[in-house]
Amino acid sequence: MLDLVQNTLDGIAAGSAYALLAIGFTLIFGVMRRLNIAFGPSIMVGIFLGAWVHVQWSAGLIEAALATFIGALLASIYIERLSFAAIRGDAALASMASSFALWMQLEQGVSLAFPGRTTAFPTLPPLPDIQIAGLFLGGDDLLVLLSAGLVLLVLHRLIYHSHFGLEMRALADSAEAAAVSRININRVAFLTFCLAALVGAVAGLLIAATDGQITPKFGLWATMKGLIAMMIGGLGSLRGALLGGLVLGIVEAQAQWYLGAAAREIVVYGLLFLCLIVLPGGIAGVRDTGAERKL
Amino acid sequence: MDPFLTSVLSNIGLFSFLALSAWLLLIGGEISFGQQAYFAIGAYASGIASAVWGWPFAVALALGTALGAGIGALVAWPAARLSGVHYAIATLAFAELTRASLNVFRYQRDIDGYLTGPDGANGFRDIRWVYEAGIAPGTYLAIIATLLLLVIVLIWLAARLNVMAQLRMVGEDPILAGMQGIRVLRWKIGAAAAAGGVAGLGGALFAHMATYVEPAQFSVMTGVHAVAYGLIGGLGTAIGPLLGVLIDVGLLESLRSLAAYRMIVFGGLVAIILILRPRGILDETLVTKVRSWARR
Amino acid sequence: MGAALEITDLTLRFGGVLALDAVDLSVASNTVMGVAGPIGSGKSSLINVLTGHYPAQGSVCFQGRPIAHLTPPERARLGIVRTFQTPRVYRRMSILENMRAALHATRHLFQGPSARRREDAHLRDGLAVFGLDHVAHELPDRLTQFELRLLEMARAHVTGARLLLLDEPAAGATSEEARQLSRAMTEHLIPGRTVVLVEHRIDLLRALCTDLVVLQAGRKIGFGTPDSVLARPDIRACLMGDPVDA
């Protein structure tokens with residue numbers, strides 16, 4: 001029983017980072033109705049820029065974090081311009097394939113610039129571990145949870161209590177209605193891409209700083225975790241993305257503990273497949289995702 | 001023939017199966033990021049058949065194809081009810097599930113003093129039927145080419161029988177197609193079965209050429225490449241995906257000087273092509289225009 | 001003449017909203033049943049229910065056979081053909097291929113060269129009737145909205161439809177275009193077919209319909225010959241108050 005609770009606790013810490021990735025995906029999908037599968041790789045560019053600053057000038061976490069945000073922003077803008085702004089809105093397939101092509105570019109670019117298998121990343125400031133009633137919460141995990149919670153609060157404020165948030169939600173609801181309401185669709189889409197990049201960069205930063213090292217495989221990893229969490233939660237729902245991230249984290253932690261690493265993958269992908277078939281609207285029960293063609 | 005050329009051409013041939021498989025689904029209006037699963041299933045099944053059970057090569061190929069088609073249909077039966085992103089992610093989930101399962105799949109027998117068969121993440125060694133039968137790489141290339149040609153002829157035949165036209169109807173507007181009497185779900189499942197079969201055949205041929213396969217070879221990257229080939233080359237004809245493979249494997253792999261920057265060059269090329277032609281170089285519009293021009 | 005289409009107690013709910021509320025309707029063979037009513041009165045829903053796109057309660061019989069349980073493809077195979085309020089065509093197929101697409105489901109997969117030539121000639125005749133033969137090999141993106149409507153009609157014409165469901169065929173058309181559409185319908189499309197015509201334009205309804213039913217909020221509020229129904233003041237108020245027609 002204690003194991004079960006401890007695993008859940010670990011899972012929530014990992015899941016909060018997944019949730020941020022899923023929210024980044026959801027923001028982009030919400031306003032674009034197109035999938036940016038290069039979302040993970042754009043964060044990867046960010047953390048590598050952070051690592052470069054760290055290695056080059058032995059900079060600390062703050063400078064590395066700033067560099068991470070800048071890198072993720074630049075990579076996202078590159079993707080937004082080439083794969084989304086430049087391709088007609090109804091060619092969702094082309095945008096997806098194009099973002100994949102840019103992913104290949106980013107991944108190889110980073111691999112060429114950082115030839116080692118792993119690159120060092122500044123670690124989080126040490127926080128005391130917490131132990132209550134036999135349960136253990138690492139200082140790093142606590143920091144990850146707190147940071148993720150803070151980002152969620154700011155994001156909630158921005159989306160539901162600001163003019164930009166209103167424009168974004170209008171665009172997510174209906175591009176045509178937003179257009180006739182004099183919303184500059186291109187500007188809102190662009191800014192949403194940037195916002196998603198920043199949210200993703202926070203997730204990337206937290207994960208990289210917890211591990212203390214990064215690899216170019218981070219792009220694939222982040223895209224997969226974000227996609228899985230988003231689909232389990234329910235495509236197009238921010239609440240679903242949050243829930244999906246936490247569920248993914250908890251399931252992974254439990255499966256890892258009880259069944260081992262190899263089985264963990266089987267459980268996660270099995271769960272995802274089943275979830276899509278049985279519960280296409282996800283945990284949040286999204287009815288209309290806008291992904292279907294209507295009469 | 002020059003061994004390097006033979007190997008490049010064989011690779012082009014093998015990737016073509018995967019690209020055609022993804023293309024068939026694109027025509028039917030679905031994106032699959034998971035065709036590598038059927039490639040893997042074909043590779044493993046045919047490998048087990050020829051190396052462990054000692055079945056003849058042709059029968060092993062048939063098994064790989066049949067299993068690919070059967071499982072393709074089985075997965076599509078629930079998944080084809082989903083659409084768009086959901087279908088794409090469901091196929092991705094199935095493919096990763098397959099890969100993760102192969103990582104723990106062990107089935108080894110003692111063959112001539114060697115333990116032969118899939119050994120989890122360590123892969124599957126000694127699929128040596130082709131090697132033992134003394135088939136030269138050039139001859140094997142001819143076998144790949146012949147079977148690829150057979151698939152293309154089948155697709156051409158399907159086009160003659162209005163099968164491709166009905167699949168295109170389903171892909172372009174399933175609601176209109178349904179109201180014109182097309183049983184949309186059956187077509188989607190049928191397309192998935194055909195796509196699974198084509199990928200399974202390709203996988204079987206791949207396993208017997210490489211003699212060694214491992215789960216890591218059938219990653220998401222392989223599957224997304226397969227989709228990209230069709231989208232670069234164009235969705236208008238079956239030549240499209242082959243053109244896509246030719247551009248990637250053929251052009252860039254043969255230009256060794258570009259090897260280090262291959263993905264940067266290929267990625268940039270694809271991005272530009274997709275801006276100019278969102279449905280590929282040989283898209284439906286071009287095909288219609290060429291046909292219309294040919295009639296004059 | 002017997003009823004080709006017999007609708008009894010047809011009810012369609014969207015959440016808490018009644019889109020169709022216990023509608024009874026009987027359409028005699030080879031007649032045109034006009035359906036009028038304000039926006040949101042259930043006109044298009046009626047067509048979507050008849051094609052099987054929306055599941056509804058109640059019974060629908062086509063030529064004496066219950067069809068309420070059939071899927072859209074099965075109904076299409078019985079000869080129930082529709083047009084759409086916003087024309088729906090395959091944008092990436094040539095116009096002739098669009099015509100051919102309408103026939104795929106109901107004929108054999110195998111077609112010999114001569115059979116194919118015969119079919120093409122038949123399809124091009126159909127296109128010629130609606131004045132589209134000269135663009136047979138072009139893509140539909142060359143066509144105007146009005147020509148797309150003609151293409152939908154040509155497509156319905158060549159299928160040998162037995163029940164035609166026309167969803168506002170003159171929506172957005174200029175009065176000259178509406179006249180042309182009306183002529184095309186009376187001369188080619190309507191003869192020998194049972195038709196349900198959803199339409200806003202009173203002049204078109206008067207010119208084409210044998211009978212007219214008026215819906216409001218999913219209920220039948222008027223039924224009879226167009227002249228008798230349109231003479232009723234309450235109906236006139238209901239239809240003329242319609243912002244589209246105003």
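**Exercise 1. Describe the interface between chain C and chain B, starting with how many residues take part.**

Step 1: count the residues. 30 residues of chain C are in contact with 27 residues of chain B, where contact means heavy atoms within 4.5 Å.

A quick word on what you're looking at: this is a predicted model, where local features need pLDDT of at least 70 and side-chain atom pairs count only at pLDDT 80 or more, while totals for chains, interfaces and linings use all residues. Residues are numbered from 1 along each chain as its sequence is written, chains are lettered from A and ligands numbered from 1 in the order in which they are written, and side-chain values use heavy atoms, with hydrogens and water left out.

Step 2: get the area. About 2800 Å² is buried between chain C and chain B, with carbon and sulfur atoms giving 56% of that. Buried area here is the accessible area (1.4 Å probe) that two parts lose on being put together, summed over both.

Step 3: look for charged pairs. Chains C and B share three salt bridges (a side-chain nitrogen of Lys or Arg within 4 Å of a carboxyl oxygen of Asp or Glu). Arg92(C) and Glu284(B) meet in a salt bridge, 3.6 Å from N to O.

Step 4: find the elements. Helix 2 (72–77), strand 6 (80–82) and helix 3 (95–101) of chain C each give two or more residues to the side that touches chain B. Helix 2 of chain C gives the most, with four residues. Helices (H or I, at least four residues) and strands (E, at least two) are DSSP runs, numbered from the N terminus.

**Exercise 2. Work out how strand 8 of chain C is packed and paired.**

Step 1: check burial. Five of the five residues of strand 8 (residues 194–198) of chain C are buried, so the strand is largely enclosed by the rest of the structure. Buried means under 20% relative accessible area (1.4 Å probe, protein chains only).

Step 2: find the partners; two strands pair if DSSP finds at least two bridges between them. Strand 3 (residues 32–36) of chain C runs parallel to strand 8, joined by four bridges, with Gly34(C) partnering Leu197(C). Strand 7 (residues 163–167) of chain C also runs parallel to strand 8, through five bridges; there, Leu164(C) partners Val195(C).

**Exercise 3. Is Glu80(A) buried or exposed, and which residues is Glu80(A) in contact with?**

Step 1: Glu80(A) sits in helix 3 (residues 61–85) of chain A.

Step 2: read the accessibility. Glu80(A) counts as buried because its relative accessibility is 2%.

Step 3: list the contacts. Leaving aside neighbours within four places in sequence, Glu80(A) is in contact with Met32(A), Ala85(A), Ala189(A), Phe190(A) and Phe193(A).

Notes: Buried means under 20% relative accessible area, exposed over 50%, partly exposed in between (1.4 Å probe, protein chains only).
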